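Subject: Structure for your review

Dear colleague,

Please find below the structure that I am handing over to you, followed by an account of what was found in it. I would be grateful if you read the two side by side.

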Amino acid sequence: TIEKGNEFYTKKEFQKAAAQYKHACMLDTVSFDAWYNFGNALYELNKNILSTEAYKKALALTTDKEQKAAIFHNFGNIACREKNYKDAINWYKQALILNSKDEDTRYNLAYAQAKLKQEEKEDTKKDNQDKKDQPKPSKFAEECYKKSLALVDQYKFQEALTTMQEAAAKDKTVALY
């Protein structure tokens, strides 16, 4: 049934391929190829959680470094698909530790690193824009704040609170303090 699954997979009939691989997994629960191929078919069907589970089972069934590297590569692809670039980078690095010659993994690592950098740049830009958009306290608000701090230093907490509440009723920027 793995062979039949491979035929469907080659034809890009991933639903049928997944069904064949699942059947193969049921017939031989310790078949690396069945679980790995099942994970691949599920990945193609955008079933990230299920493909991850199939890959985990395949991972437990092998000691081969290249096979493990291929699974880590696929974990990276799933993380990338979910826009979780930090995890993707870690998975690709793990794959390269096991198979340093894999150019696809090296390319995907560079892609994930570039996407993370772009994301961080956009976040910084957004944070800066948010800070720009925030109103500045008025002179009146600053004076009231200083007055209330002086009252707090004198342990006059109620007066400090009243000062800030009255000021907030007159000037919205007092709320920034």
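A charge is said to sit over a ring if NZ of Lys or CZ of Arg is within 6 Å of the ring centre and within 35 degrees of the ring normal. R81 and Y43 provide such a case: the charged end of R81 sits over the ring of Y43, at 3.8 Å from its centre. Please bear in mind throughout that this is a predicted model.

Nonpolar core and aromatic rings

The largest nonpolar core comprises 24 residues. Those with the most contacts inside this core are Y21, W35, Y36, F38, Y55, A58 and I71. Two or more residues each are given to the core by helix 1 (2-10), helix 2 (14-27), helix 3 (32-44), helix 4 (48-60) and helix 5. The largest share is that of helix 3, which supplies 8 residues.

Aromatic pairs number 10 in the structure. One of them joins Y155 and F157 in an edge-to-face arrangement, with 6.1 Å from centre to centre and 80° between the planes. Elsewhere, ring pairs link F32, Y36, Y55, F72, F75 and W91 into a cluster. Y36 and Y55 are named in this cluster and also among the core residues with the most contacts.

The loop around Y155

Y155 is found in the loop between helix 8 (139-153) and helix 9 (157-170). Although Y155 is not a glycine, its phi is positive, at about 65°. Is this residue buried or exposed? Y155 counts as exposed, because its relative accessibility of 68% lies over the cut-off of 50%.

K83 lies in the loop between helix 5 (65-81) and helix 6 (85-98). With a relative accessible area of 56%, K83 is exposed.

Salt bridges

How many salt bridges does a search of the whole structure find? The search finds 3.

- E13 and K16 form a salt bridge in which the closest N and O atoms are 3.4 Å apart. E13 is partly exposed at 28% relative accessibility, and K16 is partly exposed with a relative accessible area of 48%.
- E53 and K56 meet through their side chains in a salt bridge of 3.6 Å, N to O. Both residues lie in helix 4, where they are 3 residues apart, about one turn of the helix. E53 counts as partly exposed at 38% relative accessibility, as does K56 at 45%.
- E103 and R106 form a salt bridge, with the closest N and O atoms 3.6 Å apart. These two residues are separated by about one helical turn, because they are 3 residues apart in helix 7 (residues 103-133). R106 is partly exposed, at 37% relative accessibility.

Yours sincerely

Technical notes. Residues numbered from 1 in each chain as written. Predicted model: local features only at pLDDT ≥ 70, side-chain atom pairs only at ≥ 80, totals over all residues. Heavy atoms only, no water. Helix = DSSP H or I, 4+ residues; strand = E, 2+ residues; numbered from the N terminus. Buried < 20%, exposed > 50% of the residue type's maximum accessible area, 1.4 Å probe, protein only. Phe/Tyr/Trp six-rings, centres within 6.5 Å; stacked < 30°, edge-to-face > 60°. Core = buried A, V, L, I, M, F, W, Y, C linked by side-chain atoms within 4.5 Å. Salt bridge = Lys/Arg side-chain N within 4 Å of Asp/Glu carboxyl O.
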